[in-house]
Amino acid sequence: MAHPRPDPRTVAPAVRRRGAHPGSVLRYIILTGMAVLLAGPLVWQLSLSLKGAGEPLYTQPPKLIPEHPTLEHFSEVLHRIPVGHYLLNSLTVAAMAVVGNVVGATCAGYALGKLRFRGRGAAAMICVAALLVPSETVLISQFLLIRSAGLVNTLFGVVVPTLVAALNVLLMRNAFSNLPQEFEEAAIVDGANAWQRFIRVSVPQVKGVITVVAIFAFVGSWNDFLWPLITLSDEDKYTLTVGLNRLRGTFYDDPRLIAAGTIIALVPIVIFFALLQRYFFRGLESGGLKG
Amino acid sequence: MTLSADRGVSLRRGGARPPRRSEAGLATHRWFVTPWLFLLPALTVIVLMVIVPFVNTLGLAFTDSTLLREGEFVGLDNFRRMFDDERFTTALLNSTLYTVCVVPCMMILPLILAALVSGAGRLAGFFRTTMYLPVVMSSVVVGLIWTNMLDKRGLVNELFGTLHMVAEPVPFLSDRWLLLFSAMFVTVWTGLGYYMVIYLAALANIDRSLYDAAAVDGAGVVRTFLNVTVPGVRSTMALISVLSSVAAFRVFGEVYVLTGGTGGIGGGDLTMTMLIQREGTGLQARTGYAGAISLFMFVILGGLLLAQLAMQRKQRTP
């Protein structure tokens with residue numbers, strides 16, 4: 001360390017590389033800057049959430065590493081608001097959304113993509129029309145409907161409007177109609193009925209798209225805020241987003257507690273994303289656009 | 001390819017049919033009921049939760065209904081009242097401004113990022129994942145994170161103070177316009193990775209030889225970007241302009257959380273969706289009026305879609 005000796009093996013290629021791509025250094029500087037801008041706030045939240053109660057929050061320059069790291073803010077958040085309960089509610093709603101969308105969209109997509117029958121065009125039109133209606137514009141009517149059905153303030157009421165999304169039906173229809181016809185025809189020759197062909201022949205070939213539908217249904221439901229905010233009034237029915245919203249009112253004076261709350265909320269979804277990220281990107285590339 | 005496949009199918013079908021004629025009749029009958037059984041769950045939800053509420057909104061908008069009382073037909077009263085309602089004009093202005101400012105950012109910045117990331121070799125995957133991370137977070141979490149960042153004692157003000165850029169902390173979260181622009185920044189921050197991934201897929205489809213030709217012609221980075229990359233992703237850009245303008249006009253979560261649910265001081269930062277939420281829910285809800293605002297919003301969003309479609313058609317047939 002004291003006498004750094006330039007090693008010719010490492011120095012030479014570095015110089016050559018810089019000479020060959022003058023733009024690439026700038027490229028990595030910009031990209032790193034953007035990565036810091038996009039991921040940095042998360043790191044900062046983590047740092048905030050760990051800072052001891054006595055540490056000054058406003059310092060110049062800001063300090064990233066906590067001087068007296070502590071986990072007390074996490075336990076206080078868990079103590080003051082029932083985060084575990086909210087997590088469970090969110091999971092329940094998301095699980096219903098995943099099952100509803102996977103089953104509903106796969107079945108409907110199969111009918112629209114592989115079966116011939118009178119009214120198919122009309123059924124497809126209904127899905128396209130529904131796709132063009134932004135959820136905000138039917139919000140009030142949905143609320144009145146859910147209310148007259150007695151589903152206000154229930155977890156089922158939260159999931160109902162997105163139980164089967166038109167977008168997913170159309171995605172599945174495209175997936176099924178892109179399959180080669182031979183397999184289906186061969187199964188017809190073998191005397192298989194529509195249900196058998198669906199389960200044994202066609203569904204196994206579109207598993208990838210079904211996974212994408214499931215993941216987007218999960219994330220969409222997990223992150224939904226406006227609808228549960230409107231339908232839920234009892235605290236013990238709150239989903240995680242609605243419950244977290246209370247952090248700002250309850251702990252506005254202490255950013256450390258807000259930070260701890262956001263970290264708790266982020267851990268599950270970040271793990272989920274890290275494990276399944278290739279499906280997220282595949283979904284976007286195949287047109288499975290969020291929300 | 002499709003043709004030969006079809007022919008193969010029809011041959012096989014022709015060969016299989018004659019011995020099973022009696023069953024084929026049954027099959028057609030079953031074929032009529034079965035498809036609708038497959039469609040039943042999805043169509044029930046879609047019709048009940050989207051189509052019916054939409055038709056209801058159409059009716060509601062012309063009544064003076066409240067949450068507790070079925071209203072009467074009042075013609076265009078709600079729509080007349082809207083333009084005298086200061087909160088409505090504020091919300092319309094805010095949402096429009098939001099769209100006008102956010103959409104160009106969403107069309108251009110993610111494309112530049114995608115171009116940089118796609119050339120980053122083995123690190124491309126790392127950058128893509130990092131930049132996509134905000135996309136999977138809910139607007140509430142994003143809002144809370146940025147509440148902390150933009151607070152008077154937050155990191156942004158700490159950095160500004162350290163660099164002696166400002167004498168006093170900037171009131172990002174209390175000034176009407178600053179709050180709106182902060183929320184726009186947060187929206188762009190969240191959406192960058194999303195649109196970047198869409199652009200990455202489009203970039204992969206650009207013919208490599210165009211880049212080689214540009215290099216032979218001695219075009220620089222910027223020239224290549226403007227003359228090869230941008231024209232190569234034009235249809236994706238049009239798609240993103242539609243998606244991001246509809247999303248921006250509908251903005252809710254970021255503004256709601258940054259204002260602590262209040263819509264800013266005196267409701268100065270209300271957006272259209274916030275106004276609908278506020279008018280249409282709660283015990284004092286004026287559902288008829290909220291329905292009229294919803295319908296107005298639907299017309300604007302529909303207009304955005306149609307305008308973009310018309311623009312695309314014009315581009316295709318010069």
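**View 1. Helices α4(A) and α8(A) pass each other in a right-handed crossing.** Handedness here follows the near helix: turned anticlockwise from the far one by less than a right angle is left-handed, clockwise is right-handed. This is a predicted model, in which local features need pLDDT of at least 70, side-chain atom pairs count only at pLDDT 80 or more, and totals for chains, interfaces and linings use all residues. Residues are numbered from 1 along each chain as its sequence is written, while chains are lettered from A and ligands numbered from 1 in the order in which they are written. The axes of α4 (residues 83–114) and α8 (residues 166–177) of chain A come within 7 Å and cross at roughly 50°; axes are lines fitted to C-alpha atoms, for helices over the stretch in contact, with angles from 0 to 180 degrees between N-to-C directions. That angle makes α4(A) oblique to α8(A) (under 35 degrees counts as roughly parallel, over 145 as roughly antiparallel, 65 to 115 as roughly perpendicular, and the rest as oblique). Look for Asn101(A), Ala105(A) and Lys114(A) among the α4(A) residues in the contact, and for Asn168(A), Met172(A) and Arg173(A) among those of α8(A). By class, this contact has 8 nonpolar, 6 polar and 2 charged residues (Ala, Val, Leu, Ile, Met, Phe, Trp, Tyr, Cys and Pro count as nonpolar, Asp, Glu, Lys and Arg as charged, and the others, Gly among them, as polar). Helices (H or I, at least four residues) and strands (E, at least two) are DSSP runs, numbered from the N terminus.

**View 2. In chain B, α9 meets α10.** The axes of α9 (residues 208–216) and α10 (residues 221–232) of chain B come within 10 Å and cross at roughly 150°. That makes α9(B) roughly antiparallel to α10(B), and the crossing is right-handed. Leu210(B), Tyr211(B) and Ala214(B) of α9(B) face Thr224(B), Asn227(B) and Val228(B) of α10(B) in this contact. These contact residues comprise 4 nonpolar, 2 polar and no charged ones.

**View 3. Chain B meets chain A.** Here 82 residues of chain B are in contact with 82 residues of chain A; a contact has C-beta atoms, placed from the backbone, within 7 Å. Helix α2 (residues 21–60) of chain B supplies the largest share of the chain B side, 20 residues. That side has 54 nonpolar, 22 polar and 6 charged residues.

**View 4. Chain A is divided into domain 1 (1–70) and domain 2 (72–288).** Such bounds come from an automatic or database domain assignment. The C-alpha centres of the two domains of chain A lie 38 Å apart. Their contact takes 7 residues from domain 1 and 9 residues from domain 2.

View 5. Positions are given in the numbering used here, feature names are shortened, and annotations may be inferred rather than shown by experiment. Among the listed spans, residues 86–112 of chain A are 100% helix and 0% strand, with end C-alpha atoms 38 Å apart. Residues 177–204 of chain B are 96% helix and 0% strand, and their end C-alpha atoms lie 39 Å apart. For residues 92–308 of chain B, the unreviewed UniProt entry lists "domain: ABC transmembrane type-1".

Technical notes:
Two residues are in contact if their C-beta atoms, placed from the backbone, lie within 7 Å.
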